[in-house]
Amino acid sequence: MRRALVGCLAVSLAAPPLGVFLMLRRMSLTADVLGHGILPGIAAGFLLAGLSVPAMALGGVLAGLVVALGAGALSRATGGREDAALAALYLCALALGVVMVAMGGGTAELTQLLFGSALGVDDAALLLMAATATLSLGVMAFAWRPLVLECFDPSFARAVGAWGGGWHMVFLALVVLNLLAAFQALGTLMGVGLMMLPAVAARHWSRDVGGMVYAAVALAVVASFGGLLLSFHADLPSGPAVVLVAGLGWVVSLLFGPVEGVTARLRRRHLAG
Amino acid sequence: MTRPAAPVLLENLTVCHERRPAVHHLSGAFAPGSLTAIVGPNGAGKTTLLRAIAGLHKPQEGRIRTADRVALLPQASMLDRGFPISCLDAVMLGLWRQSGPFRAVAPAGRAQAEAALEAVGLRGFQKRPVGSLSAGQFQRVLFARLLVQDAPVILLDEPFNALDARTAAEMLALVKAWHGEGRTVAAVLHDLDLVERDFPQTLLLARDPIGWGPTAEVLTAANRLRARRMAEGWAEDAADCDMDQAA
């Protein structure tokens with residue numbers, strides 16, 4: 001349980017900033033697709049080696065990178081209108097993953113892989129979470145400007161030779177890694193929640209990218225704490241508990257956030273002059 | 001500032017969208033220091049031509065030769081205007097050549113960006129998020145970024161669209177100033193009165209080039225009619241171009 005908490009806090013530092021960039025690029029759905037896309041890889045690792053972190057992680061990374069490349073290709077082939085194709089892709093990946101897990105194990109394993117288990121976080125999983133967070137934060141600090149430029153004006157990025165596509169792939173690889181790091185504690189279905197919900201909620205707290213990132217991290221930390229406590233005391237699966245708390249954070253942000261929050265809109269009077 | 005060293009040469013240039021040519025066997029040159037309007041009906045390949053010169057589309061055939069750095073003002077509709085970035089940061093992205101992806105922006109660069117904001121009439125807007133700007137103000141930010149880029153060759157894609165008269169006039173003054181400094185400038189435009197008044201050179205494009213030269217010689221009634229005819233007559237089921245096989 002303590003390991004799960006430390007691990008979730010590590011993921012809370014690294015995943016929400018990635019979520020902010022995904023949201024700004026209108027790629028929220030892509031995160032979902034990647035989250036589901038790693039499941040068949042994890043399931044393959046599980047079939048071959050049981051509940052072993054290295055095997056499942058390796059399978060997950062490979063599957064995730066394949067899906068990331070595939071989603072990128074779909075996006076280019078459909079000229080940015082890829083949402084239908086992406087929905088099809090992630091349904092297939094999810095079904096395939098569930099079938100594979102069911103072939104090799106029972107309902108208990110399936111629930112653990114899909115929804116996470118705080119007690120399933122062993123030292124290897126914790127190491128993976130911490131390493132991923134360190135790497136992600138390092139890369140994001142290093143590549144902040146190209147990432148922002150790639151989001152704001154991809155054509156300009158290419159025109160000034162900023163290696164835009166390359167940064168995008170690095171970025172997607174980080175997303176895959178973070179989803180993978182989250183899955184032991186939160187499950188593949190719910191790991192996306194800790195990435196996207198704080199990011200979406202952060203929109204209501206700040207008008208600039210940096211502020212959104214801070215707000216998203218803060219919300220994710222609170223959700224991790226609250227969710228794991230809830231899961232521990234009420235005996236709930238940890239993934240949905242954390243995501244529910246994050247969802248509560250989103251609703252609160254939507255209602256009371258200063259930027260385009262519901263009450264801020266109702267109360268706002270126009271400025272003088 | 002660096003003056004253009006050489007013309008922008010187009011040699012038998014064809015650029016395609018899904019095998020359909022948007023620019024078709026275009027040859028010619030933008031002379032160093034020239035100010036050219038690119039006009040033609042919708043879908044004539046004007047945007048594609050600019051983007052190809054800026055290196056964003058690969059030519060299917062032929063080639064583009066430029067010895068100089070090219071800066072492009074994109075159509076405003078191609079950008080996410082709600083993006084959470086401040087005006088100053090957006091302008092400072094134009095310093096990419098100096099700052100690169102990682103280095104900090106030097107104080108001189110920051111001063112340059114602030115001066116550019118002031119030059120486009122956005123003094124005091126440094127910290128404003130671009131999402132809070134009107135369409136005209138956003139276009140001013142993009143012009144400020146061009147100022148900071150300081151490129152010898154400047155390409156403008158519908159720079160005055162959706163601008164009120166005053167903003168358009170002020171941005172036109174910037175364009176003329178660039179011309180006066182000896183930069184090569186080409187702009188996609190729809191307002192033919194403006195072209196006849198302020199742009200010495202014109203390229204009339206209807207996928208195939210109709211005319212390229214001094215504006216008065218290109219914008220004849222006969223040429224305009226021809227461009228319109230070609231725009232109306234584009235076949236949906238065109239066969240492979242026989243010029244391609246000959247080439």
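**Figure 1. Ser34(B) in the loop between β2 and β3 of chain B.** The model shown here and in the other views is predicted. Ser34(B) counts as buried, because its relative accessibility is 10% and the cut-off for burial is under 20%. Not counting residues up to four places away in sequence, Ser34(B) touches His179(B), Arg183(B), Thr184(B), Val185(B) and Gln201(B).

**Figure 2. Parallel pairing of β7(B) with β3(B) and with β6(B).** Strand β3 of chain B, residues 35–39, pairs with β7(B) in the parallel sense over four bridges. Within this pairing, Leu35(B) has Val185(B) of β7(B) as its bridge partner. Strand β6 of chain B, residues 153–157, runs parallel to β7(B) and is joined to it by five bridges. Here the bridge partner of Leu155(B) is Ala186(B), in β7(B).

**Figure 3. The β-α-β unit of β6(B), α6(B) and β7(B).** Helix α6 of chain B spans residues 165–180. Together with β6(B) and β7(B), helix α6(B) makes a right-handed β-α-β unit. The two strands of the unit are joined in parallel by five bridges.

**Figure 4. The open sheet β2-β1-β4 of chain B.** Three strands form this sheet in the order β2-β1-β4, and their pairing is antiparallel. Strands β2 (20–30) and β4 (61–65) of chain B stand at the edges, each with a single partner strand, so one side of each has no neighbour in the sheet. From one strand to the next the twist averages 25°. Strand β1 of chain B, residues 8–17, and β2(B) run antiparallel and are joined by seven bridges. Cys16(B) has Pro21(B), in β2(B), as its bridge partner. Helix α1 of chain B, residues 46–53, packs on the sheet and touches β1, β2 and β4 of chain B. The direction of helix α1(B) makes about 120° with that of β1(B).

**Figure 5. Two residues of chain B with positive phi, Asn12(B) and Asp150(B).** Asn12(B) is found in strand β1 of chain B. Phi of Asn12(B) is near 50°, a positive value in a residue other than glycine. Asn12(B) counts as partly exposed, because its relative accessibility is 29%. Asp150(B) has its place in the loop between α5 (135–149) and β6 of chain B. Asp150(B) is not a glycine either, and has a positive phi of about 55°. At 23% relative accessibility, Asp150(B) counts as partly exposed.

**Figure 6. The largest nonpolar core and the surroundings of Phe199(B).** This core has 133 residues, and those with the most contacts inside it are Phe143(B), Leu156(B), Phe160(B), Val175(B) and Phe199(B). Helix α9 of chain A, residues 164–186, gives the most to this core, with 13 residues. The core also draws at least three residues from each of domain 1 (1–69 + 151–247) and domain 2 (77–150) of chain B. Leaving aside neighbours within four places in sequence, Phe199(B) is in contact with Leu35(B), Thr36(B), Ala37(B), Leu172(B), Val175(B), Ala187(B), Leu189(B), Leu194(B) and Thr215(B). Apart from this core lies another, of 22 residues, among them Phe30(B), Leu56(B), Val153(B) and Leu203(B).

**Figure 7. The contact between domain 1 and domain 2 of chain B.** The domain assignment gives domain 1 (1–69 + 151–247) and domain 2 (77–150). Taken over C-alpha atoms, the centres of the two domains of chain B are separated by 26 Å. The contact takes 20 residues from domain 1 of chain B and twelve residues from domain 2 of chain B.

**Figure 8. Glu217(B) in helix α8 of chain B.** Helix α8(B) covers residues 215–218. Glu217(B) has a relative accessible area of 59% and is therefore exposed. From C-alpha to C-alpha, Glu217(B) and Val188(B) are 18 Å apart in space, and in sequence they are 29 residues apart.

How values were computed: Residues are numbered from 1 along each chain as its sequence is written. Chains are lettered from A and ligands numbered from 1 in the order in which they are written. This is a predicted model: local features need pLDDT of at least 70, side-chain atom pairs count only at pLDDT 80 or more; totals for chains, interfaces and linings use all residues. Side-chain values use heavy atoms; hydrogens and water are left out. Two strands pair if DSSP finds at least two bridges between them. Axes are lines fitted to C-alpha atoms, for helices over the stretch in contact, and angles run from 0 to 180 degrees between N-to-C directions. Contact means heavy atoms within 4.5 Å. A crossover is right-handed if, with the strands pointing away from the viewer, the path from the first strand over the helix to the second runs clockwise. A nonpolar core is a set of buried Ala, Val, Leu, Ile, Met, Phe, Trp, Tyr and Cys residues joined through side-chain atoms within 4.5 Å. Buried means under 20% relative accessible area, exposed over 50%, partly exposed in between (1.4 Å probe, protein chains only). Domain bounds come from an automatic or database domain assignment.
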